[in-house]
Amino acid sequence: MIAKEPEASAHPSAPARQGHEVRAGGGCFQEGDLALIDALQLRPRAAWATIGAALGISGSAAARQWERLTTAGLAWLTAYPVFGVTTVGLVEVDCRPGDTVETARRLAELGWVLSVDHVTGSCDLILTVSALDLATLADVTTHDIGALPGVTGARLRLATREGREWQVGSLEPRQRASLDVTAGNGRATEADPCEADIPLLAVLSTDGRASYASMASSLGVPEHTVRRRVHQLVDAGVLVFRCDFAHELAGWPVTMIFRAQVPAAQLDRVGHELNRMPEVRLCVAVTGEANLLVQAWLRSVADGRALETTLENRFPDLRVIDRAVTLRAVKRMGRLLGEHSRATGFVPLATRMT
């Protein structure tokens, strides 16, 4: 997957600016909420005083605002480990008529199925799955997914790039700069995760902002030990945080997925340029004839056609082979999603060291 970090620019698909509400499907976000989410995407475990100072509010006000969002299922912060041997794949699933919803529910209960989307187009479901190696990934695709009642076909594509840096883009440049200044205090270290880290990873995957004190209490270890280990894993780049939110209620009710073909020699360049487009939520370089998957968050289905035209004009060698609309996002990075993409539950991510 190719990393994505849009600029905080005024774009037709961007939500309303400060002081306005973004409404969709009976829910709403205030711009202050989106700025808080943006700050946490940049500094997921920064002290509330630091977050509040960047937003021009008190630390306690920022904490209360975040509690309101999480309680309502409007935003959440997840942590997950990144291992060098982990293999990530996209699985396209075909279902028998009438079985798609139940199949999606059963797949969402599996810890190694990271995301589930019910889509239009050439397949019924698109899954993001992880495994330790190619053989395991092939086995789970064939046996665990392909053998489910209601599944009539499953096709695996390997992801050859990993991206996890998409941000809302609601912070003003000065706010972002204030967080960036304090973000570089850490020192790069080496830390290989081990079996002893599994309980810690489980706590953080459920709540990425769990306090060191609460983690120490639940794990039965000193607080300074937990703090030191979290810092080691983060600095080594093997523990990653992501702040997600109910995007359908935040001004982006439509998700479209484009599968495109790009000459191999141009794949990195095209991917990096796509990442600068505010609509683009994710680019994934994958195996197969359609070697680039582009996911976009839009205001309407009609905007998808305009985006496709833009892609064709900006990248003459890019050819869109297929396009799909997400009818329902069922699961995202372990979080179960309900109506309007609100979080309704959590399935612990499968964490194995061997």
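**Helix packing, a buried strand and model confidence**

Let's start with a helix contact. Trp-48, Ala-49, Ile-51 and Gly-52 in α2 meet Gly-59, Ala-62, Ala-63 and Trp-66 in α3. Sort the residues of this contact of α2 with α3, and you get six nonpolar, two polar and no charged. This is a predicted model, please keep that in mind.

Now the geometry. Helix α2 covers residues 48-55, and helix α3 covers residues 59-71. They pack at an angle of about 95°, and their axes are 7 Å apart. Anything from 65 to 115 degrees counts as roughly perpendicular, so α2 is roughly perpendicular to α3.

Helix α3 has another contact to look at, with α1. Helix α1 spans residues 31-42. Here the angle is about 100°, with the axes of α1 and α3 11 Å apart. That makes α1 roughly perpendicular to α3. Which residues meet? From α1, take Gly-32, Asp-33, Leu-36, Ile-37 and Leu-40; from α3, take Ala-62, Gln-65, Trp-66, Arg-68 and Leu-69. The contact of α1 with α3 divides into six nonpolar, two polar and two charged residues.

Next, the strands. Is β8 enclosed or open? Strand β8 runs over residues 239-245, and seven of its seven residues are buried, so the rest of the structure largely encloses it. Both faces are covered. On one side sit Leu-239, Phe-241, Cys-243 and Phe-245, all buried.

What joins β8 to β3? Seven bridges do, and the two strands run antiparallel. Strand β3 is residues 75-81. For a reference point, find Tyr-80: it stands opposite Val-240 in β8.

A quick stop at Val-221. It lies in the loop between α8, residues 212-219, and α9, residues 223-235. Its relative accessible area is 33%, which means Val-221 is partly exposed. Setting aside neighbours within four places in sequence, Val-221 is in contact with Ala-216 and Val-226.

Last topic: confidence. The protein chain averages a pLDDT of 84, and 84% of the residues score at least 70. Where is confidence lowest, and where highest? Lowest is strand β1, residues 21-24, at a mean of 45; highest is helix α4, residues 100-108, at 97.

Two stretches stay under 50 in pLDDT. Over residues 1-27 it stays under 50, and the model has 95 contacts beyond four places in sequence for them. Over residues 182-187 it also stays under 50, with five such contacts.

Note on methods. Residues are numbered from 1 along each chain as its sequence is written. This is a predicted model: local features need pLDDT of at least 70, side-chain atom pairs count only at pLDDT 80 or more; totals for chains, interfaces and linings use all residues. Side-chain values use heavy atoms; hydrogens and water are left out. Axes are lines fitted to C-alpha atoms, for helices over the stretch in contact, and angles run from 0 to 180 degrees between N-to-C directions. Helices (H or I, at least four residues) and strands (E, at least two) are DSSP runs, numbered from the N terminus. Angles under 35 degrees count as roughly parallel, over 145 as roughly antiparallel, 65 to 115 as roughly perpendicular and the rest as oblique. Contact means heavy atoms within 4.5 Å. Ala, Val, Leu, Ile, Met, Phe, Trp, Tyr, Cys and Pro count as nonpolar, Asp, Glu, Lys and Arg as charged, and the others, Gly among them, as polar. pLDDT is the predictor's confidence in each residue, from 0 to 100. Buried means under 20% relative accessible area, exposed over 50%, partly exposed in between (1.4 Å probe, protein chains only). Two strands pair if DSSP finds at least two bridges between them.
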